[in-house]
Structures are given as C-alpha cells and as structure tokens.
Amino acid sequence: MLLPLLLAIEFGENDADLVKRLQRRDPRAMAELYNRYGRLVYALILRVVRDGGIAEDLVQETFLRVWNRVQGFDGEKGCLAPWLLAVARNRAIDYLRSAAGHMRNAVEVSDTEHPAGFADMEKDLLNSDKVRRVRVALEKLSQNQRAVIELAYFEGLSQAEMAERLKQPLGTVKTWVRTALRSLRDELGTAVTA
Amino acid sequence: MTCDELLDYYELYALGLAEDPEWSEIRAHLARNCPTCIPGVRSARELISLIGAAAPAVEPPSRLRDRVLAIPGGQKASRWNWSPVWAVVAACALIATVIFSVRAHRASAELAQAGVELGRVQAESASQSRELARLNEAFAILNQPDARQVVFGGATPQPPRGRVFLDPKRGVLLLASNLPPAPAGKIYEMWVIPKGGKPVPAGLFQSTPDGTALHVLPGAVNVASTAAVAVTLEQASGATVPNLPPVLAAAL
C-alpha cells in the first residue's frame, strides 16, 4: 500500500523544480504537491488525531501553510518531504493541545517548521528502504521505549507529561527516551547520513 | 556548553523534548552557524522525519484532493490569475458586438446585451477580488503564532465542529465543517461575546454545499476580554440580537 507513494516520491519530478513552480504560483504545482505527498501527510495527521474529518481539515491547513510559506523555502538546498511532515505534525499536535485546553507552543512550532531548518537534507530521505528500516528499528525497541517515542512524536507530549501519563518517575521516562533515541540513531545513523 | 556536550541532545531537540539549558544552547549554536551543531541537528531532524513517514499508510478520501486544490494557486483557484484575461476577452467581445450590430442595424439591442455581459464579468471579477482579500485576511490570522485557538465540537461526532482563531491585531477567523448551508432566506451570523457583555455582531456568512465555512472578522479584537465566539442562524438581513440557541459556540 505504501509502494505507490514511495515510487512517486522516488521517481517523480525533482523537488527543487516543484518548489520553483510553487514559488511561481504555477496553478498545477499544488496538484503535483498533493499527488506526491498528500497520502503521506494524511497518514501522519490521521495517526495523530485519529479522526478522519479532523484529519482532512488539518491536511488542508497544512498545504495552505506550505503554499503560504514556500517563498521562504530554498528548493535547491531544502527537502520538501521532511518540511511537509514537520508542518503536518505541528498542525496535528497543535490541534490535540487546543482540544485538550492547553496553550499552543508557539516558539516550539515556529522553530521546528521553519523552512531554513530543512536545508541540505538528503534528497531521497523518505525512500522505501529507509522507511522500512525505521519501522524495523522501532519494532526492536522495548515496549516502553517505543511508547515514549510515539507519545513524543505523535502526541507531542513533553517528558514530564509522559511521566504523568505513564505513571512513571520522570527520570525513568528520560532514560527510556534517551535510550530509544540512541538505539534509533545507531540503527539508522548510516541510513540518515548516507 | 561545548558541541561535544550537546551531541546527545540533537535528537531530543529535533523531537521537541530538549529542555534548558541544552535547548537554549543548541539554539545559540545554530544561530551562530556552528559547523558541528548545524549538521548534527539536521541529521537528527532527518531521523525524526523518518518516524513520521513510518505512520501506517492510509488512503485519503478523494474529496480531500479537491479541498487542497481549492487553496489559492491550486487548479480551482487559478481563475484568479485569469480574471484580467476574461476582462480583455469580454472587452473584445463588446467591440465585436458593436461592429456587428451596426452592420446589422441592431446596434442598440446588441450593445445592451454586451453591456449586461460585461457587467456580469466585472461583477464576477469584483466578487473574486473580495474572496481573495478574505482569504488573505484568513491566512494572516492563521500565520500568527500568538493567535489564540479554540476548538469547538471536537468532543461530539455530530456537526458542526471546527476552530476559532483570535489574533489581537488581525481579528477573528472561524473555520467550520459539517455546517450545512443555511435554509432559504436564512444566513449564519457570527458573534463575539465579551465577558459580562452583550454579544456583538461579527458578520454574516454562508457555508458551502459540502458543509465547510470560513469567516473572517478583520480588525483588532480584545482577546483577553472575550468570553466566547458563537454562530447563530438568522434572517437573511442579519440581526442585532442573536437568535438563540446558537448553532455553535466556542468558549475561550
């Protein structure tokens, strides 16, 4: 099921050319952007909010935000997919926090999705082999380690919030997080920097 | 802190879990183009992106593509760029009509017809310009990191639901879905309700056939003194006092 998406990412038009067309306001560029990354963005947002209707709203908001900020994106150096994922994740977590009555974390959001933060990344970062490897690496983690990574990434919880949710000491949660990230880095380090 | 001391915090930073002092230190290193921390954080962001890409694959509904393409610049919105072209085409049509009508001795009737057509095109162009201005106002509010966001209807499976954004300088933005079009002769009216005060009318709007709505109240708004934003169903001319109960209410 993931294959068509990955093939589209790997063999489609160059991202840099697509960024140029988006910056020129080419009317077909938004369609191409959605064709290439719509499923990826929808899958991520749905995993976070777990509601199809809300996910649709947030996907639209994600693409709107990208369209509105693409002028600040360096298509020659930047990598579109990680930027889109960061914007999508922030929109979804922002929604979760708002729905729970928490304040938006404006500083964190602006920091993690700034276009400049995605410069010089590997162009085919999200190819099928790497996605498969990250899934394998996540499966290798212990249940607790995987839980904290998922709570952090898909629910946007801080380490203190995770400790409260899991009813575990903060120090224990911090250990799980750091061990999990170190394991992922060791498993995928060569994949990421290749 | 030195770069060596920050090495173990790059992934935490990319994941949004870094705390002070490491968070501030990494930001400071990035701000001064640190040759060690910039590639380190970049690799960490690549790693974190892969976690997102590993979410279970799901096929989005086909209608979602239409919604995304409705964003200005998408295929549906491309008509903005064509408005001047259509105006020129209409003008040419008008000239051609005049020549034809003189030759056919029906100048006045043809001119009137062309005038009506040109007026229609101009009205459509003006409508599109207003819509573009409205969307620009919405984007401006949406892009304010300090805008207060309130979710309504999220806890119930039934419509309507959505979000309200309040920015002190730019105004109020309402995004709603599952809001059926108002019946004939009726219209939706938004209200800003101050704490301890009477509801203030905040504009009339209609939802689209697919049940989505976007409404903007441009201008400054006192967010701290606002208790809620609500929407009521009113007569087409609008109202100065809300017709209760509200269709939706978002309490701040």
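Guide: Two strands count as paired if DSSP finds at least two bridges between them. Keep that cut-off in mind for the part I have picked, strand β8 of chain B. One caution comes before it: this is a predicted model.

Start with the strand. β8 of chain B covers residues 248–251. What lies on each of its faces? L248(B) and A250(B) make up the covered face. A249(B) and A251(B) make up the uncovered one.

Now look at its partner. Strand β7 of chain B spans residues 226–235. β7(B) and β8(B) run antiparallel and share 4 bridges. At least two bridges are needed for a pair.

L7(B) sits in a loop. On one side of the loop is α1 (3–6), on the other α2 (10–15). Is L7(B) buried or exposed? L7(B) counts as exposed, because 12 C-beta neighbours lie inside 10 Å. The cut-off for exposed is 12 or fewer. Compare sequence with space here. L7(B) and V41(B) are 34 residues apart along the chain. Their C-alpha atoms are 8.9 Å apart.

Then move to chain A. Chain A holds 10 helices and 0 strands. It has 194 residues, and 47% of them count as buried. Among its contacts with a separation of 6 or more, 69% join residues 24 or more positions apart.

One of its helices meets chain B. Helix α5 of chain A, residues 80–99, comes within 10 Å of helix α4 of chain B, residues 37–53, axis to axis. The axes cross at roughly 65 degrees. The two helices are therefore roughly perpendicular to each other. The crossing is left-handed. From α5(A), the contact involves P82(A), L85(A) and R89(A). From α4(B), it involves R45(B), E46(B), S49(B), G52(B) and A53(B).

Last, the confidence. The model scores ipTM 0.81 and pTM 0.59. Chain B has an average pLDDT of 80, and 76% of its residues score at least 70. Residues 73–84 of chain B stay under 50. The model has 25 contacts beyond four places in sequence for that stretch. Where pLDDT is low, predicted coordinates should not be read in detail.

Key: Residues are numbered from 1 along each chain as its sequence is written. Chains are lettered from A and ligands numbered from 1 in the order in which they are written. This is a predicted model: local features need pLDDT of at least 70, side-chain atom pairs count only at pLDDT 80 or more; totals for chains, interfaces and linings use all residues. A residue is buried if 20 or more other C-beta atoms lie within 10 Å of its own, exposed if 12 or fewer, and partly exposed in between; C-beta atoms are placed from the backbone. Two residues are in contact if their C-beta atoms, placed from the backbone, lie within 7 Å. pLDDT is the predictor's confidence in each residue, from 0 to 100. Axes are lines fitted to C-alpha atoms, for helices over the stretch in contact, and angles run from 0 to 180 degrees between N-to-C directions. Angles under 35 degrees count as roughly parallel, over 145 as roughly antiparallel, 65 to 115 as roughly perpendicular and the rest as oblique. A crossing is left-handed if the near helix is turned anticlockwise from the far one by less than a right angle, and right-handed if clockwise.
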